2 protein chains.
Amino acid sequence: MKREETVDYHIKSAWHAISRMYNQEAAEEGFTTAIGFVLININSKDGTPATKIAPKLGLETRSLTRMLKTMEEKGLIFKKPDLVDKRSVRIYLTEEGKRKKEISVNTIREFNEQVREVVSEDELHAFFNVFEKIQLVIDQVQTTKGVDINKPIFEL
Amino acid sequence: MKREETVDYHIKSAWHAISRMYNQEAAEEGFTTAIGFVLININSKDGTPATKIAPKLGLETRSLTRMLKTMEEKGLIFKKPDLVDKRSVRIYLTEEGKRKKEISVNTIREFNEQVREVVSEDELHAFFNVFEKIQLVIDQVQTTKGVDINKPIFEL
C-alpha cells in the first residue's frame with residue numbers, strides 16, 4: 001500500500017492545507033486558525049461556559065486555558081462568573097471578538113461554497129458517508145483497546 | 001450552513017481522531033504520531049537528506065530540527081554528512097528507529113486495511129477524488145491571493 005493510497009495521508013494533507021489557508025486569512029487580521037475556531041464556538045449573545053468549549057474543539061483543557069488567556073490579552077474575549085453555576089466561568093466575546101468571529105465564519109462559509117461549486121450534493125454525501133465509516137473503524141479500534149475515545153489529547 | 005455540513009469540520013475531526021488513535025499506539029512504545037511520521041519518511045537503507053524530510057510532512061524546518069534532536073536523543077536516528085553534498089546532512093535510522101518505523105508502518109497499514117473492509121474500492125476512489133477537488137479549490141484561493149502555497153507553516 002503506497003502512502004498516497006492511505007486515507008490518513010489524504011485526510012492529514014487536506015487538513016494541513018485547509019488550516020494553512022485559514023491561517024493566512026486570519027493572519028491578515030492578526031489572529032490564527034486556532035483562535036478562529038475558538039471564536040466560532042462562543043455564543044455571541046449569551047457567551048459559552050469555558051468547560052463546554054474544549055470538548056467541541058477536541059482540545060485539552062490546559063491548551064484551551066492558555067489560548068483563552070492569549071485571547072483575553074488580545075481583547076477578543078472576557079470572562080464572567082456563570083449566573084447559574086457560580087463556580088464556573090462563562091466566556092463572552094468583545095466587539096472585536098465578534099468581528100473576528102464573523103470573519104472566521106465567512107472564511108469557512110466562502111471556502112465551503114467554493115467546494116460545493118465543484119463537488120456535487122451526491123459526491124458530498126458519499127464523502128461524508130466515508131468519514132462516518134472511518135469514525136466507526138476508529139471507535140472499534142479504540143473500544144478493542146479499551147481506551148477513552150473521548151479524551152482530547154491533541155491541539156489544533 | 002451548519003458546522004457539521006462543512007468539509008473542513010469532517011476533515012479536521014477525522015484527522016484529530018486518527019492522530020489520537022495513532023498516538024495511543026505509539027505511546028505504548030514510547031513515541032508519538034509525529035515521530036512515527038518522520039520515521040516513515042526516512043529510508044531504512046540509504047537514509048534521507050534532512051532537507052527532504054520537512055516538505056514531505058508539511059513541517060517547518062525549525063520544527064523538524066527540534067524533532068530530529070529529540071529523536072537523536074531517544075536513539076532513533078543518527079546524522080552523517082552527505083557523501084555527495086558534503087554541506088548537507090543525511091539522517092539514518094538506528095536499529096531501534098527501524099523497529100519503531102516498522103511499528104508505524106504496520107499501524108497505518110492495519111488501520112487502512114480495516115477501513116477498506118467497510119469502504120468499497122468505488123467509494124474510496126470517489127473519496128480521494130473529492131480530496132483532489134478540494135485541493136484544487138485551495139490552490140485557486142491561494143493563487144488568487146498570491147501566497148506561497150508550498151510554504152509549510154503547520155506542525156503535525
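Mentor: Start with B:Glu95, which is exposed at 60% relative accessibility. The terms are set by relative accessible area: buried is under 20%, exposed is over 50%, and partly exposed is in between, with a 1.4 Å probe and protein chains only. The model is predicted, so local features need pLDDT of at least 70 and side-chain atom pairs count only at pLDDT 80 or more, while totals for chains, interfaces and linings use all residues. Residues are numbered from 1 along each chain as its sequence is written, chains are lettered from A and ligands numbered from 1 in the order in which they are written, and side-chain values use heavy atoms, with hydrogens and water left out.

The partner of B:Glu95 is B:Lys98, with 3.4 Å between the closest N and O atoms. That makes a salt bridge (a side-chain nitrogen of Lys or Arg within 4 Å of a carboxyl oxygen of Asp or Glu). B:Lys98 is partly exposed, at 30%. Helices here are DSSP runs of H or I with at least four residues, strands are runs of E with at least two, and both are numbered from the N terminus.

In helix α5 of chain B there is another pair, B:Lys100 and B:Glu96, which are four residues apart and so also separated by about one helical turn. Their closest N and O atoms are 2.5 Å apart. B:Lys100 is buried, with a relative accessibility of 8%, whereas B:Glu96 is partly exposed at 29%. In chain A, A:Glu96 and A:Lys100 belong to a salt-bridge network together with A:Glu29 and A:Arg99.

Now a pair between chains. A:Lys133 and B:Glu123 form a salt bridge, at 3.1 Å from N to O. A:Lys133 lies in helix α6 (residues 121-145) of chain A and B:Glu123 in helix α6 (residues 121-145) of chain B, so this bridge joins two chains. Both ends are partly exposed: A:Lys133 at 22% and B:Glu123 at 24%.

Across all chains, the count is 23 salt bridges.

As for the setting, UniProt has an unreviewed entry that lists residues 1-136 of chain A as "domain: HTH marR-type"; positions are given in the numbering used here, feature names are shortened, and annotations may be inferred rather than shown by experiment. That stretch of chain A is 67% helix and 9% strand.
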